[in-house]
Every structure is written in C-alpha cells, then in structure tokens.
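Biologist: I would like to go through this model term by term and hear what stands behind each label. Please set the values against the definitions.

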Amino acid sequence: MPVLELALERYLPGIEEALAGQEFLPAPPYVFAAFSLPLPQVKVLIVGQDPYPTPGHAMGKAFSTAPGVPAPRSLRNIYAELEADLGIAPKADGDLSAWQEQGVLMLNRVLTVAPGDAGSHRNLGWQHITEAAIKALNKQPMVAILWGKDAQACGAFLPDVPRIESPHPSPLSARRGFFGSRPFSRTNAYLSDQGARSVDWHL
C-alpha cells in the first residue's frame, strides 16, 4: 500500500473524530482539494502552514483563496514577486487554481483550522498525512518551493529534489529575502534541467 494511503488509514480516523461536531475550514468537500492533483503529476510543490482562518477564504490549496476573494497580504506579496520575476501582472482575486492545472501542488502541512483561530488544528495529526504525501514525491522530476522555516523543515523529506528556499512572503518577513528571490523563473530553470516542461505561471 502506498505510503500516503497508509498514513490516511492510520491517522485520518482520529482526526475525523476530533473534528466531529466542530466548525472548521475549509468546508468538508474542500479539505483534500490539493490532492485532486494526482501525486505522479506533480512538478512543483509549494508548502503552506494551515488554511486561511477567515470564513469564505480557504479552499483547500495553500496560499489560494476561493474565487472572488481578494488576495490576502502574503499572497499580494507573492503576486508582487511574480510580477518582478516574470512580468506577470497580479490578478484581482486570490484563486491559484490555474497553477494546480500546471502541476503545482499547493499543500498546507495542516489541512483544517477553526474559524478565526489560525494554527488551531496543528495538534490533530495532519502533519503525519502531509509528510507522507511529501515523501512520496521525492523520486520524481520536480521542484520544491519552501517559504519560511516551517516549510523549509520539509526539505528533509525531499533529499533528492531541487529546493528553492527563502523567507516567508508574509508582511513580517518578505523584505528579509523573499522579495528578489525569483522563485518562479528559478523553478522553471530547474524543471528544464530535469527535462520537464516549464510551468506557465499566468493566472
């Protein structure tokens, strides 16, 4: 049985029991939205922390918002770096689904959060499941984009994968090295080196 399926079998029942009767984000149909991209098709991994805690914002993909929701501050900084790196102008909302269609897995380490309470579900066991998913990617041609210390800790699960690491794009740290890091063009260069097709980062 693949490592991700084993982790789901072992840890998901306990997580579901802990969530029973509670409100959480994103809505249940979207908790595993990132995995609608099959792991063998992943070319780029972007690791986030946990979903947006504002009701209506989270949609199951790291850094992405539901369609029509304005981009939060960290995502606005990502858009600014995308424009500086590749000349791609920011879009009006924060929906990054077009990236997933290009093979970009936007995976939060923790897949749920209590409304209005960032980080509230970090002790439920989600990290065991997302760690298994990340480890499953190690042997395929791809690139990992790891923003911030929490994401960079996942580099240990990907010893054979090129990694692009920088400070987190949050307003508190973006000017400490995220801006100017050119993650999008560098990702495409790494993919080209591996004989893989580049990502079209337009949204």
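Modeller: Contact here means heavy atoms within 4.5 Å. Helices (H or I, at least four residues) and strands (E, at least two) are DSSP runs, numbered from the N terminus. The model is predicted, local features need pLDDT of at least 70, side-chain atom pairs count only at pLDDT 80 or more, and totals for chains, interfaces and linings use all residues. Residues are numbered from 1 along each chain as its sequence is written, and side-chain values use heavy atoms, with hydrogens and water left out.

Biologist: What covers the buried residues of H6?

Modeller: The cover includes strand S1 (44-48), helix H2 (73-86), helix H3 (97-101), strand S3 (143-147) and strand S4 (163-166). The buried residues themselves, in a helix that spans 183-193, are Pro-183, Phe-184, Ser-185, Thr-187, Asn-188 and Leu-191. After H6 comes Gly-195, with a positive phi near 80°.

Biologist: Why is Asn-188 called buried?

Modeller: Buried means under 20% relative accessible area, exposed means over 50%, and partly exposed lies in between (1.4 Å probe, protein chains only). Asn-188 has 14% relative accessibility, so it counts as buried. Asn-188 is part of helix H6. With neighbours within four places in sequence left aside, Asn-188 is in contact with Ser-198, Val-199 and Trp-201.

Biologist: What makes strand S2 largely enclosed by the rest of the structure?

Modeller: The strand covers residues 104-108, and five of its five residues are buried, so the rest of the structure largely encloses S2. Val-104, Met-106 and Asn-108 point one way, Leu-105 and Leu-107 point the other way, and all are buried.

Biologist: What makes S2 and S4 the edge strands?

Modeller: The open sheet has four strands in the order S2-S1-S3-S4, with parallel pairing. S2 and S4 each pair on one side only, and that makes them the edges. Neighbouring strands of the sheet are turned by 15° against each other on average, direction ignored; axes are lines fitted to C-alpha atoms, for helices over the stretch in contact, and angles run from 0 to 180 degrees between N-to-C directions. S1 also pairs with S3, in the parallel sense over four bridges. Val-47 has Leu-146 as its bridge partner in S3.

Biologist: Which helices pack on the sheet?

Modeller: Helix H4 (residues 126-136) touches S1 and S2, and its direction makes about 155° with that of S2. H6 touches S1, S3 and S4, and its direction makes about 155° with that of S3.

Biologist: Why do Asp-85 and Arg-182 count as a salt bridge?

Modeller: A salt bridge is a side-chain nitrogen of Lys or Arg within 4 Å of a carboxyl oxygen of Asp or Glu. In this pair the closest N and O atoms are 3.8 Å apart, so the pair falls inside the cut-off. Asp-85 in helix H2 and Arg-182 in the loop between S4 and H6 are 97 residues apart, and the pair links distant parts of the chain. Asp-85 is buried because its relative accessibility is 14%, whereas Arg-182, at 43%, is partly exposed. A search of the whole structure finds seven salt bridges.

Biologist: What separates Lys-135 and Glu-131 in helix H4?

Modeller: About one helical turn, because they are four residues apart in that helix. An α-helix has 3.6 residues a turn, so residues three or four places apart point the same way. The side chains of Lys-135 and Glu-131 form a salt bridge at 2.8 Å, N to O. Lys-135 is partly exposed at 42%, and Glu-131 is partly exposed at 23%.

Biologist: Buried or partly exposed: what is Glu-165?

Modeller: Partly exposed, because its relative accessibility is 37%. Glu-165 forms a salt bridge with Arg-163, with 3.5 Å between the closest N and O atoms, and Arg-163 is partly exposed at 32%. Elsewhere, salt bridges that share partners join Asp-50, Arg-122 and Asp-150 into one network.

Key: Pairing = 2+ DSSP bridges.
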